Amino acid sequence: MATKRTPSFDSHNPATGEVAGTYPIMSAKQVSEIVAHARTASAQWQKLGFSARKKVLLSWSNVIINRIDQIAALISLETGKPVGDAKLEVSIAVGHIGWAARHAEEIMRTAYRAPGLLLSNMSATVQRSPLGVVGVIGPWNYPMFTPVGSITYALAAGNTVVFKPSEYTPGVGMWLEETFNEVAPFADVLTTITGLGETGGALCTSGVDKISFTGSTRTAKIVAAQCATTMTPVVLECGGKDPVIVAVDANLERAVDATIWSAMANAGQSCIGAERVYVDERVADKFVELAVQLAETIHAGAPGDGNYGPATMPSQIKVIQSHIKSAIKDGGRCAYGGPESVKPPFVQPVILLDVPEDSAAMREETFGPTIIINRVKSMREAIDLSNASSYGLGANVWSKRQGKKIAAELACGMVAINSTFSFAAVASVPFGGVKDSGYGRVHGPEGLLEYTYARTVVRTRFNVPLNLLSFKRKAKEEKLVITLTRWLKGRFG
Ligand code: NDP
């Protein structure tokens with residue numbers, strides 16, 4: 001009798017197109033069995049307590065550091081990024097593991113709140129409890145850093161995790177599970193499931209207690225809709241169209257260096273990568289001249305050759321190509337490169353100038369090694385144009401004196417002043433966006449609390465003669481409350 005073969009899919013080396021690995025496409029039934037195991041394990045994992053979980057997570061980070069060459073090679077194979085970039089990604093991810101492991105207990109410590117004058121015989125506390133099982137859905141552009149930013153915080157808080165990596169980077173996802181299991185006290189604490197979009201969809205409706213999703217805005221909306229059917233809460237970390245504001249008093253050399261890196265590194269496939277620059281017209285010519293000089297020194301190529309690699313997802317090339325073309329058609333100019341820079345699977349650096357704000361190239365996420373530089377008359381104009389986007393993930397401000405003032409007016413989740421990407425590596429601060437860039441946060445205390453729920457406990461410390469919540473309440477007690485309310489004008493706290 002013929003046995004039914006498990007369906008599978010291949011991951012590829014995007015620089016060569018060669019098959020990098022073959023993985024099973026897990027069905028909804030398999031996903032739900034795995035989630036059931038994770039649920040059984042969650043009670044035990046929670047019972048372990050903070051210090052035992054910390055030990056496990058720190059041991060895991062040691063395993064990762066000891067095998068950094070192995071995982072960096074795998075990340076490079078599946079994404080096409082240079083091995084050096086992959087190592088940097090791993091290092092930052094390890095920083096997050098350590099921080100979440102060391103700070104979970106203090107972040108989740110029971111909080112004592114003032115009960116207010118009327119209820120001063122009560123103690124009011126807020127306890128934090130892990131959710132149970134958290135489903136993590138990850139993208140391919142930073143296949144280690146991004147999911148670890150959810151996985152580790154969820155684990156440190158006392159949840160077990162079921163992780164669905166992108167179909168482009170399943171090998172990295174499996175590696176995370178395998179290395180975690182080397183240090184795990186028992187099975188099913190972190191499980192990786194493989195498959196295509198449907199497998200991710202199955203995770204959304206599997207009964208997990210929260211979904212932490214990182215990916216495109218388009219998929220985020222599908223994920224949120226799927227989760228709504230089972231009342232599963234979601235954290236959505238989506239794309240961006242990050243602006244860079246360059247003031248007249250900016251250190252131009254540093255601003256150009258960081259902006260070109262931010263836009264081109266990882267082949268421009270960074271959600272917080274620079275996509276549009278608003279530069280004060282008084283320094284715009286110099287900024288463009290330096291940007292072109294720098295772009296001339298970098299090129300795309302296979303790992304070991306290029307400063308950055310190919311487009312990891314072949315279909316993204318069409319988007320990049322169409323944005324370059326529409327920028328030119330809509331009135332923009334090429335300062336460096338152009339449509340001819342697109343040579344699949346690689347895209348060489350492209351710098352575009354004076355692209356109208358209503359062009360698709362200015363409005364939509366390009367996710368390629370391109371940057372648009374537009375000049376502005378004032379910082380007011382730069383702020384308004386930065387905010388006139390459907391996205392609101394990160395932003396960069398370059399100014400010696402006005403950085404904080406400009407940052408305070410930006411409608412986005414994160415701002416780097418005189419730096420780029422820095423907020424992603426600082427584990428103590430939340431990461432996330434507003435508008436089409438998503439909702440909820442990863443990293444920092446806010447990110448860890450996403451994987452917990454608040455349990456309010458209000459306890460009678462001693463009894464008082466005034467018993468308002470009773471059918472035995474007297475008219476004179478009601479009068480007293482009203483007098484107090486008038487007197488205190490609602491200031492009971
Ligand atoms: P996608 O939205 O295509 O995919 C993200 C993940 O969702 C993948 O694992 C994918 O699986 C899965 N998925 C696809 N369809 C469904 C579905 N119906 N239900 C559940 N899961 C599904 O994003 P990309 O992988 O292309 O990632 C790039 C995007 O991510 C960019 O827009 C980028 O800006 C954003 N991003 C945001 C970050 C942030 O923190 N804000 C960080 C990094 C990236 P499969 O691959 O198998 O289809």
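The shell around the ligand draws at least three residues from each of two domains, namely domain 1 (8-238 + 444-453) and domain 2 (243-426). The model described here is predicted.

**The ligand and its surroundings**

There are 30 residues around the ligand, and Gly-138, Glu-167, Ser-216, Cys-238 and Glu-365 come nearest. Sorted by class, the shell consists of 13 nonpolar, 13 polar and four charged residues. Three elements of secondary structure, helix 7 (197-204), strand 8 (210-214) and helix 8 (217-228), each supply at least two residues of this shell. Which element provides the largest share of the shell? Helix 8 does, with four residues.

| Residue | Protein atom | Ligand atom | Distance |
|---|---|---|---|
| Lys-164 | side-chain N or O | oxygen | 2.9 Å |
| Gln-226 | polar side-chain atom | nitrogen | 3.1 Å |
| Gly-201 | backbone N or O | nitrogen | 3.3 Å |

The ligand taken alone exposes 910 Å², and the protein buries 90% of that area.

**The annotated domain and active site**

An unreviewed UniProt entry lists residues 7-457 under "domain: Aldehyde dehydrogenase".

For "active site", the unreviewed UniProt entry lists Glu-237 and Cys-271. How far apart are they in space, given that they are spread over 35 residues of sequence? They cluster, with a largest C-alpha distance of 9.1 Å. Of these two listed positions, Glu-237 lies in strand 9, which covers residues 234-237.

**Aromatic pairs**

The structure holds nine aromatic pairs. A pair of aromatic rings is described by two quantities, the distance of the centres and the angle of the planes. One of the pairs is formed by Trp-45 and Phe-180, with 6.3 Å from centre to centre and 70 degrees between the planes. This arrangement of Trp-45 and Phe-180 is edge-to-face. Why does the pair tie together parts that are 135 residues apart in sequence? The reason is that Trp-45 lies in helix 1 (residues 28-48), whereas Phe-180 lies in helix 6 (residues 170-183).

Notes
Residues are numbered from 1 along each chain as its sequence is written. This is a predicted model: local features need pLDDT of at least 70, side-chain atom pairs count only at pLDDT 80 or more; totals for chains, interfaces and linings use all residues. Side-chain values use heavy atoms; hydrogens and water are left out. A residue is near a molecule or strand if one of its heavy atoms lies within 4 Å of it. A polar contact is a pair of N or O atoms within 3.5 Å; within protein, one must be able to donate a hydrogen and the other to accept it, and residues adjacent in sequence count only if both atoms are side-chain atoms. Accessible areas come from the Shrake-Rupley method with a 1.4 Å probe; for residues, only the protein chains shown count as cover. Ala, Val, Leu, Ile, Met, Phe, Trp, Tyr, Cys and Pro count as nonpolar, Asp, Glu, Lys and Arg as charged, and the others, Gly among them, as polar. Domain bounds come from an automatic or database domain assignment. UniProt positions are given in the numbering used here, feature names are shortened, and annotations may be inferred rather than shown by experiment. Rings of Phe, Tyr and Trp (its six-membered ring) pair if their centres lie within 6.5 Å; planes under 30 degrees apart count as stacked, over 60 as edge-to-face and the rest as tilted.
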